[in-house]
Structure formats: C-alpha cells, structure tokens
Amino acid sequence: MKKPFYVIFYLLVLAGPASWAQFTLSADVRPRAEFRNGFKKPLSKDVDAAFFVEQRSRLNAEYVSEKFDVYISLQDVRIWGAATQVYKADPALTNVYAAWASYKFTPVHKLVVGRMELDYDNVRILGNLDWAAQGRSHDLLKYEYQGTTTKLHAGAAFNQDFSTPEPTKFASTYYSVLNNYKTMQYVWFHKDWSNSGLSVLFLNNGASATRSVNGMAYADSTIYFSQTIGAYGTKTLGDIALEYDGYYQMGKNPAGAQLAAWMIGANVTIMKSKPNNINVGFDYLSGDKSDTNKDEAFNPLYGTHHKFYGWMDYFYVGNPHKNRGLVDVFLKAKLKAGPRSSVLVHGHEFFSQSPIVGNDNTKLSSTLGTEVDIVWVANLAPGVVFNLGYSQMFASGSLEFIKDVSNAKSNASWAWAMISFKPTLFTTKQESPK
C-alpha cells in the first residue's frame with residue numbers, strides 16, 4: 001500500500017527545484033460503537049433503541065517543499081456488517097476526503113486549490129466536522145497570507161452537480177444538490193496580541209432556491225444570496241480565559257425570504273492551564289417569529305455544531321427544531337483522572353429563543369430540557385486515544401413538540417465508545433543536490 005506513495009515522493013523530489021522536500025504518510029483508523037436511545041430526538045415508547053459500530057479509515061499523504069505543497073486524504077466510512085463477507089457490492093462511503101495543492105509565492109503568501117477542510121476560530125461557522133466519520137470538506141480556491149501576528153484568508157467556491165455530466169454539459173449551470181451552496185465566498189482576518197486575539201469573518205452564501213411540491217423539497221435554478229458577518233475573540237488573564245463571538249445574517253434564505261438573524265456567545269474558563277478547570281458560558285441564537293415577514297432563525301452554516309449545543313446533537317446538526325432558535329446556558333468541567341486520563345462533565349440548560357405555539361394555538365413553555373454529558377478520555381499511547389461517553393437528555397414537553405415526538409420515553413440517553421489510532425507510517429526529508 002505504501003509503494004505508490006514512495007514513488008510519488010521521489011518523483012516530486014527529483015522533478016522539483018526545491019532545496020528541500022519532506023514526505024509524510026499517516027493513517028487515521030477510528031471505530032466508534034454507539035447505543036442510541038434518544039440521540040438527536042426523544043424516542044417514542046414503542047420504538048426500540050439502536051446499536052451499531054461505525055468506522056472511519058483514512059490514509060493521508062503530505063508532500064511539503066520550498067515552493068509548493070500537496071496533500072491527499074483517502075477515506076472509507078462504513079457500518080460494521082453493512083457488506084457481506086464475500087461481496088461485490090459495498091454500500092460504504094469510499095472517497096477522496098481531501099486533495100489540494102498550494103503554490104507559495106513567498107514564505108507568507110500562497111494559493112491553495114482543490115478539496116480541503118475549512119477550520120476557523122472556534123469552528124462556529126466554518127469547521128471540519130471531525131466528530132462525524134465522514135467529516136466536512138469544500139472544493140474551492142483559497143488565498144492565504146500567514147504573517148507572524150496577522151493572517152488573511154480569502155476563498156471562493158462554485159459547485160456543479162453531475163446530473164448532466166461532461167461531455168454532455170454544454171449549457172446551464174443548474175445545481176440540484178440540496179443542503180449545499182451553489183457558490184460561496186469568504187474573507188477571514190485574524191490579529192494576535194500578547195494575550196488576546198480577534199478574528200473577523202465575512203461569508204457570502206449563494207444557495208439554489210428551494211420549492212415544495214406535495215411536501216417534497218426541490219432545488220430551483222434561482223440563486224439566493226445571504227451574508228454572514230461577525231467576529232470571534234479571545235482574552236487571557238493569567239489562568240482565566242475569555243472566549244466570545246457574535247454574528248449577523250442578512251440577505252435571503254433559500255426560500256427567498258429576507259433574513260435578519262443573529263447570535264452571540266461567550267464563555268470563561270477558570271484555571272485554564274491546570275489539569276482541572278471549569279468553563280461556564282452561554283450561546284444565544286435567534287429564532288423565527290410568526291408575527292414578522294422575515295426569517296429570523298440564525299443558521300450556523302458549515303460549522304462543527306456537535307462542539308457547542310450538547311453532544312446528543314438535538315440542535316443544528318442536520319436536525320430541525322421548528323426554527324425556534326436556542327438559548328444554551330452551560331457549565332463544563334475537566335477533571336484529571338490519572339496520569340494519562342481525564343473526565344469531561346458537561347451540563348446544558350436549553351431554552352427556545354422564540355415563542356413555541358402548540359397545535360391548539362396555546363403558548364408552550366420556552367424550557368426545552370437539560371442535558372448531561374460525561375466522557376472519559378484515556379491516552380493509551382502516542383497516537384492512540386480511547387473515549388467512553390454517556391449522555392442523558394431530560395426533555396420537556398416543548399422539546400418533544402418541536403421534535404414532533406409523541407408518547408416519548410422518559411429517559412433519552414446515548415452511550416458510546418471510540419478508539420482512535422493516528423500513527424505516522426512513514427516520513428522522510430531529502431535535501432536536493434547543490
């Protein structure tokens with residue numbers, strides 16, 4: 001399996017004018033077992049819990065030289081047992097997760113093109129979604145300025161589907177892929193000071209219009225653009241660290257309605273540099289209101305939502321809750337449990353930001369529920385990490401309503417175990433002849 005990468009490495013070194021070159025081959029093998037008894041939404045009493053094992057396997061090849069870099073990541077994502085032992089058909093996802101190349105104009109200016117992760121700041125708006133086995137990557141062109149204390153990135157993407165493939169695609173750029181942008185551009189600026197940092201993000205999102213026919217959503221050839229602008233900042237004072245962000249959305253949503261949505265969040269970590277620390281904060285995301293003609297539900301777009309709103313993924317993880325927005329007040333603790341292990345304990349109290357009206361037009365409580373997450377993290381060896389987690393959601397009637405669940409079980413719970421192997425299989429650095 002390694003031989004093709006060795007050949008690629010030596011060809012690149014011999015062919016390029018660089019004074020040095022380095023090639024690294026690494027792997028990522030991550031099986032995760034999950035017991036879902038109310039994950040993402042409460043289960044009705046007559047519905048059984050789910051249990052399965054999902055595995056992600058990646059092979060990563062990286063070539064770094066003085067003038068250009070190349071990175072390729074191949075991945076396979078499968079449910080154990082989805083394919084028979086002797087098979088000709090395989091339902092697993094096997095694809096190229098990332099494949100990009102960058103040309104360095106100078107040590108601080110470069111152009112990157114291809115399929116890549118976008119992972120910025122606290123990953124609220126743009127994140128690689130690493131928790132999900134398949135991850136998240138984008139096809140785009142990106143410019144980077146990487147100064148010592150100042151950074152500037154600008155990217156642009158234009159997507160096209162395969163409904164009418166080349167060579168028969170002679171006209172039109174109609175895009176039929178739902179839940180993705182047709183075109184997207186962003187600019188990210190970051191500045192560091194001695195004990196603080198600030199980032200500003202502007203993202204222009206062009207989405208194909210959606211229309212509903214007999215309750216089914218279809219893409220339309222019209223493109224509606226929305227703009228998200230905001231900032232993320234950090235401040236450290238000794239062992240106390242402050243983190244805050246805020247964003248505003250305007251333009252139009254995919255249905256053509258005017259957007260006027262916003263969010264703010266802030267948290268403080270106490271004893272940040274110690275083995276044991278406490279983090280307390282809130283996230284406030286606006287929701288839609290029925291008495292206006294605007295869409296006021298904030299959309300965190302392409303972030304890693306699993307990080308923020310409880311690990312049971314009840315909110316914003318491809319998981320609608322009637323656009324009611326969210327107020328999340330949380331308390332998190334990290335406790336040392338041994339020489340190479342720790343325990344994470346998170347508590348969330350969830351509220352709806354906009355009113356919830358029941359089927360009989362009565363106003364329901366804004367309290368959605370309480371979630372408790374506990375995870376044991378053990379570093380077994382360099383590159384090997386084991387996680388064991390348990391979560392429980394104490395859902396209110398309002399949460400069951402916005403999740404369209406009736407006769408729900410009283411104990412919405414989720415348990416999981418995951419082991420991650422990330423070895424460096426091969427690495428070499430070669431100086432070119434003088």
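Predicted model: local features only at pLDDT ≥ 70, side-chain atom pairs only at ≥ 80, totals over all residues.

Biologist: How many aromatic pairs does a search of the whole structure find?

Modeller: Rings of Phe, Tyr and Trp pair if their centres lie within 6.5 Å. With that rule, the search of the whole structure gives a total of 17 aromatic pairs.

Biologist: Are the planes of Y103 and F105 stacked or edge-to-face?

Modeller: The ring centres of Y103 and F105 are 5.2 Å apart. Planes over 60 degrees apart count as edge-to-face. The planes of Y103 and F105 stand at 85°, so this pair is edge-to-face.

Biologist: Is W414 buried or exposed?

Modeller: Buried means under 20% relative accessible area. W414 has a relative accessible area of 1%, so the residue is buried.

Biologist: How many residues apart are W131 and W414?

Modeller: The rings of W131 and W414 pair edge-to-face, with centres 5.9 Å apart. W131 is in the loop between β5 (109-116) and β6 (138-146), while W414 is in strand β20 (residues 412-421).

Biologist: Which residues form one aromatic cluster with W131 and W414?

Modeller: W131 counts as buried at 17% relative accessibility. The cluster that holds W131 and W414 also takes in F39 and W416.

Biologist: Which ring does the charged end of K403 sit over?

Modeller: A charge sits over a ring if NZ of Lys or CZ of Arg is within 6 Å of the ring centre and within 35 degrees of the ring normal. The charged end of K403 is 5.8 Å from the centre of the ring in question, and that ring belongs to F315.

Biologist: Where does the largest share of the largest nonpolar core come from?

Modeller: This core has 51 residues, and those with the most contacts inside it include I125, Y186 and F315. Four residues make up the largest share, and they come from β20.

Biologist: With which side chain does the side chain of Q392 make a polar contact?

Modeller: Q392 is placed in strand β19 (residues 384-395) and counts as buried at 17% relative accessibility. Leaving aside neighbours within four places in sequence, the contacts of Q392 include M312, T370 and N411. The polar contact of its side chain, at 2.6 Å, is with the side chain of Y390.

Conventions:
Residues numbered from 1 in each chain as written. Heavy atoms only, no water. Phe/Tyr/Trp six-rings, centres within 6.5 Å; stacked < 30°, edge-to-face > 60°. Helix = DSSP H or I, 4+ residues; strand = E, 2+ residues; numbered from the N terminus. Buried < 20%, exposed > 50% of the residue type's maximum accessible area, 1.4 Å probe, protein only. Core = buried A, V, L, I, M, F, W, Y, C linked by side-chain atoms within 4.5 Å. Polar contact = N/O pair within 3.5 Å; in protein donor to acceptor, adjacent residues only side chain to side chain. Contact = heavy atoms within 4.5 Å.
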